[in-house]
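Please examine the structure shown here before reading the notes on its domains, its ligand shell and its helix packing.

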Amino acid sequence: MTIPDLECTDLTKRFGDTSAVENVSFEVPPGSFFSILGPSGCGKTTIMRMIAGFLAPTSGDIRIKGRSVLDAPPNKRPVNMVFQHLALFPMMNIADNIGYGLRRQGVSKPEITRKVGEVLERIGLPDIGERKVDELSGGQKQRVAIARCMVLEPDVLLLDEPLGALDLKLREHMKIELKALQSAFDTTFVYITHDQSEALVMSDNIAVMNAGRFEQIGSARDLYYRPETPFVASFVGDSNRWRGRVVSVSGDNLRLRSESGLDLCGNSHGRPVSDGDEAEIFVRPEAIRLGRGEADIAHFDNRLSGRVTSLLFNGAASRILLRPDSGGEEIEVALPQSGEFAHLSRGDTVHVGWSSDQGNCFATETG
Ligand code: ATP
């Protein structure tokens, strides 16, 4: 059996009455990219600080390559951390910045030169050793911050929202770059973010965190297509969401009467949902098909007509909002790439449909 690079068991941290992290357990296999994704204040940084050794857990254990590190101070743990503000030293050149940790460890000068040269090659910037920090672009600084950690050969690299300070375009680029760097170094990265697109693009596995607890751990696909809790369904990706009461159940298939008066068919995908339960149904905008007429959507068990209230152009991710004729809240529908519906205008009537499988249903209160 492979020993995980990082293993946290029943990790809990309380600050007085505040429970910042509650019974969190997870394993990160060697050489993988693991993200902790959650809203501000959910406890992500607290987990990182416990792994790095800056905070002692209230209870639970942290093992790196099978060994508990709870008794080790931060500088004796085989982990390193990249912060959002990178913390590069502006007065030193790049080579000295990267070699800083090795100098503190008393490594010889020739060895430092060799290792720094090697790591600069690995990040694809072999010729910048003599430059100053402010002579680098934002993306180059990111790579240098990672190189400065990787030169110390940590078992686990912790990254605390390192892309947060970058502009949107560079952030998009750095997502791909970070994943490539992680593969190149073949080192375990643990990345925390509140930005789902960062987590989805880069990670082998993602833990979705809410109010101190992990809601679900899985691949990007698992979280997107098979969310296990309403929180994950609403936090990861966009969804239409209806609350209501279950009026009939047959196996995993069910019908829900929404608070707004719509009759919706959904699927509980194995979760316990019974007749009479208060429940929620989530439907992705791209799971809803647009039809020119009723005949185009006749084969779906969910069918609606409505008027277009907004057109939200966003290239490949363009949407329309429509108000169902039968009442209730607006529905968000993805515009197909074919361009077939590009002519739609506000006020047009459209027909939409989706299968019950696409209506992911969770009981919120059992009856
Ligand atoms: P963000 O994304 O905003 O950085 P986060 O998910 O990293 O948030 P944490 O910083 O881990 O969240 O905080 C989790 C909870 O613990 C919050 O309610 C926070 O106020 C509380 N907390 C964190 N550190 C302390 C502390 N030293 N003393 C008291 N409460 C704390």
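The points below describe this predicted model by topic. Residue numbers start from 1 along each chain as its sequence is written. Because the model is predicted, local features need pLDDT of at least 70 and side-chain atom pairs count only at pLDDT 80 or more, while totals for chains, interfaces and linings use all residues.

**Domains**

- The domain assignment, whose bounds come from an automatic or database source, gives domain 1 (6–232) and domain 2 (238–365).
- The centres of domain 1 and domain 2, taken over C-alpha atoms, are separated by 39 Å.

**Ligand shell**

- The residues surrounding the ligand are Phe15, Thr18, Ala20, Gly38, Ser40, Gly41, Cys42, Gly43, Lys44, Thr45, Thr46 and His194; a residue is near a molecule if its C-beta atom, placed from the backbone, lies within 6 Å of it.
- At least two shell residues each are supplied by β2 (18–28) and α1 (44–52); helices (H or I, at least four residues) and strands (E, at least two) are DSSP runs numbered from the N terminus.
- Helix α1 provides the largest share of the shell, three residues.
- By class, the shell holds three nonpolar, eight polar and one charged residues; Ala, Val, Leu, Ile, Met, Phe, Trp, Tyr, Cys and Pro count as nonpolar, Asp, Glu, Lys and Arg as charged, and the others, Gly among them, as polar.

**Packing of α2 with α3**

- Two packed helices are described by the angle between their axes and the distance between the axes.
- The axes of α2 (residues 94–104) and α3 (residues 109–122) come within 10 Å and cross at roughly 125°; axes are lines fitted to C-alpha atoms, for helices over the stretch in contact, and angles run from 0 to 180 degrees between N-to-C directions.
- Helices α2 and α3 are therefore oblique to each other, given that angles under 35 degrees count as roughly parallel, over 145 as roughly antiparallel, 65 to 115 as roughly perpendicular and the rest as oblique.
- Ala95, Ile98, Gly99, Leu102 and Arg103 of α2 meet Ile112, Lys115, Val116 and Val119 of α3; residues are in contact if their C-beta atoms, placed from the backbone, lie within 7 Å.
- These contact residues of α2 and α3 comprise six nonpolar, one polar and two charged.

**Packing of α4 with α5**

- Helix α4 (residues 138–150) packs against helix α5 (residues 168–185) at an angle of about 25°, with the axes 11 Å apart.
- The two helices, α4 and α5, are therefore roughly parallel to each other.
- Gly138, Gly139, Gln142, Ile146 and Met150 of α4 make the contact with Leu170, His173, Met174, Glu177, Leu181 and Phe185 of α5.
- Six nonpolar, four polar and one charged residues form this contact of α4 with α5.

**Packing of α2 with α4**

- The axes of α2 and α4 come within 7 Å, crossing at roughly 35°.
- This contact joins Ile94, Asn97, Ile98, Tyr100 and Gly101 of α2 to Val144, Ala147 and Arg148 of α4.

Note on methods: Contact = placed C-beta atoms within 7 Å.
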